[in-house]
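Please look over the fold below.

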Amino acid sequence: MVNAFYSPTYTSSGHAFDTTRKAKWLADSLADRPISGVELESPEPLAEARLADIHDIEYVRAVRAGVPRVLAESQGFEWDAELWPMVLASNGGAASAALSAMQNRISGSFSSGMHHARRDRGAGFCTFNGLVIAAHAALASGANSVLILDLDAHCGGGTFSLVSNNPRIWHLDVSVDSYDRYTPTERNTLDIVDDAQKYLPTIARRLAELEDSAPRFDLCLYNAGMDAHEDCVLGGLSGITRDILASRERTVFEWCRERRIAAAFVLAGGYKGGRLEEAGLVDLHRLTLYAAVNSHL
């Protein structure tokens, strides 16, 4: 059984955008078309103190209270009072998924909007960095080392800014769009792929290289973006099809299974519009659930 954390509060913000709505779309799809082996579970909202461990307290207070407005809206959303419970629930879900995975091997959360957030501000539809929050929760619960695997279409510059000095957190980032790029290091690799034929081989090569350079990870936090799909209006790369993304998901979870690494996933990017409608976007995110369940059998 794969526990997937979700709460209606994930979508409580008044700002209507894919990042603040698609968790419900995915949950609704499971009610209509269940995936055997996926069980929804409510997360514990994140405590404000846990946010302040990662983010500047003045920024945290701005998001809670809405002032200064420029800081509260730095991720690109119009602020409203429901943003605060939304981000506590969604980031709490990411942390819950990490802790659950360490006990049950695979877990996930329908959270999204994380990897661009910096210590003192949001960016690129990301308010707080739940990937880093989840990594710290895992380390505090006994993990020795954590891998953040970021396969969103865009670079995870916010994550890099928060983990680059932590030797217990490694960061593997394969993107198809240069937004939020950064200068990589040995523990924080970044590839920006511009040819769809090189996408899967690049991911496979980077994962293989970890065998020689990295410790044995206790947890892989997987930022499972679907915005690399060729029909996605933000980030899509021509030639990256549904089949390629399905293969990518199988590769990630099989890699973790073969090495007995716990895996916790979040939804990450994926945006409807143009040729990609809501149903199509949901079906792309369901690929992650199918791969997680199949690797758990």
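How many of the 22 residues of α5 are buried? The count is 17, so α5 is mostly covered. Buried means under 20% relative accessible area, exposed over 50%, and partly exposed in between, with a 1.4 Å probe and protein chains only.

## Basis of the model

This is a predicted model: local features need pLDDT of at least 70, side-chain atom pairs count only at pLDDT 80 or more, and totals for chains, interfaces and linings use all residues. Residues are numbered from 1 along each chain as its sequence is written, and side-chain values use heavy atoms, with hydrogens and water left out.

## Helix α5

Helix α5 covers residues 83-104. At 1.5 Å a residue, its 22 residues should span 32 Å. The expected span is 1.5 Å times one less than the number of residues. The end C-alpha atoms of α5 are 31 Å apart, which agrees.

Just after α5 comes R105. Its phi is positive, about 85°.

## The chain as a whole

The chain holds ten helices and eight strands. These are DSSP runs numbered from the N terminus: helices are H or I with at least four residues, strands are E with at least two. The radius of gyration is 17 Å, close to the 19 Å that the globule rule gives for 297 residues, so the chain is as compact as a globular protein of that length. The radius is taken over C-alpha atoms, and the rule is 2.2 Å times the number of residues to the power 0.38. Along its principal axes, the C-alpha trace spans about 45 × 40 × 35 Å.

Of the 297 residues, 59% count as buried. Among contacts (heavy atoms within 4.5 Å) between residues at least 6 apart in sequence, 70% join residues at least 24 apart. The accessible surface comes to about 11,700 Å², and 48% of it belongs to carbon and sulfur atoms. Areas come from the Shrake-Rupley method with a 1.4 Å probe; for residues, only the protein chains shown count as cover.

The chain has 28 positive and 38 negative side chains. Lys and Arg count as positive, Asp and Glu as negative; His and the chain ends are not counted. The centres of the two sets lie 3 Å apart. Each charge is placed at NZ of Lys, CZ of Arg, CG of Asp or CD of Glu.

## Backbone details in loops

The peptide bond from V67 to P68 is cis, with omega near -5°. P68 sits in the loop between α3 (57-65) and α4 (69-72).

A268 belongs to the loop between β8 (262-266) and α10 (278-296), and is buried at 5%.

Is N144 buried or exposed? At 56% relative accessibility, N144 counts as exposed. Its loop runs between α6 (130-140) and β4 (146-150). Leaving out residues up to four places away in sequence, N144 touches L139, R168 and D218. The C-alpha atoms of N144 and R216 are 8.7 Å apart, though 72 residues separate them along the chain.

T189 lies in strand β6. T189 is buried, with a relative accessible area of 12%. With residues up to four places away again left out, its contacts are H171, L172, D173, Y182, P184 and R206.
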